[in-house]
Structure formats: C-alpha cells, structure tokens
Amino acid sequence: MKVGVISDIHGNNYALEAVLKTAKKEGIEKLLVLGDIVGYYYHPEIVLDLLSEWDYEIIKGNHEFILQDLKENKIDPEFLKEKYGSGHEHALKNIDCKMQHWLFSLPMQKSIVINNVSFQMNHGSPSSNDEYIYPDASIEQLENCDSSEHDFVLIGHSHYSFSFKCANSILINCGSVGQSRQKGGLAYWVVINTTNKTFETKATPYDTSYLLEEIKKFESKIGYSFNILQR
C-alpha cells in the first residue's frame, strides 16, 4: 500500500488540493496527517472537506492548541494576529463548533500499523508537540526521536523536509504542504510504500496567486505569511 504523509497545511486549500490530485494519480490509499490544519491562511474548513474524501489518520498540531487558546480567551487576539496573521480568527468563524471540538480532542501522538509496517505520528517530535527539528539538527537531537517499536517515526512542524536513519527506525520530516520554508509554490509531502518500506519526498507545485490575493484582502499588514510564499 502507498501511504501519503502530510503536515502543516495551515488553511492553504490550494496547496492541499494539488497534493491530493497528485496522490490520487499515484495510487495513494491512506493519508497520515501530522497536524496544523489551521493557522496562517484562511480556509481550514475546505481543507477538512477535502480530507473527508480520504481514508486518513490525524493528530493535533501546535496551531490547534493555539486555536483552542484563542477560543477560550487564553491568548491576546491582537498578539496572535501580529505573529501569525488572521488565519486563526478565520478558522473560528468558518469551522463549526462540533468540528472545533473534534480538532481540540485529537491526540498529540498516535501509533498505527499498516500492512505490518509501524508508524509513530508526531507533530514536533516524539517528546514535544512544539519541538522544531531541522535538517541540520544535531545527531543527538535526531537520535532522541528514535523508536525501537516503530519502523517509521514521522514529524512535521519545522516546514523543512528531510529523513534520517536512526539506530532502530527511520525518522521522516515530511515538510509542509501549506507553507513550505524551502521553496514557495511547492507543497512538500512524503509517500511511503508499505510493501518494501521505501519512501519518497514529493514537492508538488501549486498556483499561489489566489492565496497571495487573499492575504492582501484579509491582512492589514503584509509580512511573513505573504513573503514566504515567494521564497
């Protein structure tokens, strides 16, 4: 079976739609979603609709925690908007309460087995939802992600894709679908084949023009979330 690993969609339905079209062509049968449906951009409700057409497993990202804090008035909305833009605000408006509760109740980590291949799903790292692990991380930080109980340890969060062979498992950061920090206009994700335990990083192109126009429409100040798409 071919499994697609995606993370950090961040309300970017344009990027996700391109990825899912490619995934269908490639015969992907199941998706593993490593969190951050919301944040930065504006249509997590469309993202969830697109995912609903698939067989998928999902965990909670740090931006789902941020969204919950916003809903419960535990974070200053203006501070949040200054740092991330108005994506969380749009998420609260466009996702109904039942779906919000479902997002908030998602686990931070999940272990699954597909065709005798075991996966550990994480957002930041196995030990922290909010730990950033980059391609140039120290060997010590990378080996801290190792698992003797899994074939693959999956992470996202840093928006940079890479892989590393740990002592007992393969660590894969699938990168970001919705806001790659490697190259604007490319959605990064990974395909894993459970038949032979091979994997391949994908960089799917998508048209950023619609999203760039939305940023101009919804944000009072053009900054990081706009510029990163043109990197």
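This is a predicted model: local features need pLDDT of at least 70, side-chain atom pairs count only at pLDDT 80 or more; totals for chains, interfaces and linings use all residues.
Local features need pLDDT of at least 70 and side-chain atom pairs count only at pLDDT 80 or more, while totals for chains, interfaces and linings use all residues. Residues are numbered from 1 along each chain as its sequence is written, and side-chain values use heavy atoms, with hydrogens and water left out.

**View 1. Glutamate 89 pairs with lysine 81.** The two form a salt bridge (a side-chain nitrogen of Lys or Arg within 4 Å of a carboxyl oxygen of Asp or Glu). Their closest N and O atoms are 3.1 Å apart. Glutamate 89 is partly exposed at 29% relative accessible area. Lysine 81 is partly exposed too, at 30%. Here buried means under 20% relative accessible area, exposed over 50%, and partly exposed in between (1.4 Å probe, protein chains only).

**View 2. Glutamate 89 also meets lysine 93.** This salt bridge spans 3.5 Å, N to O. Both residues lie in helix α5 (residues 87–94), four residues apart, about one turn of the helix. Helices (H or I, at least four residues) and strands (E, at least two) are DSSP runs, numbered from the N terminus. Lysine 93 is exposed, with 61% relative accessibility.

**View 3. Glutamate 213 pairs with lysine 216 in helix α8.** The closest N and O atoms of this salt bridge are 3.4 Å apart. Glutamate 213 is partly exposed at 48%. Lysine 216 is partly exposed at 47%.

View 4. A search of the whole structure finds 11 salt bridges.
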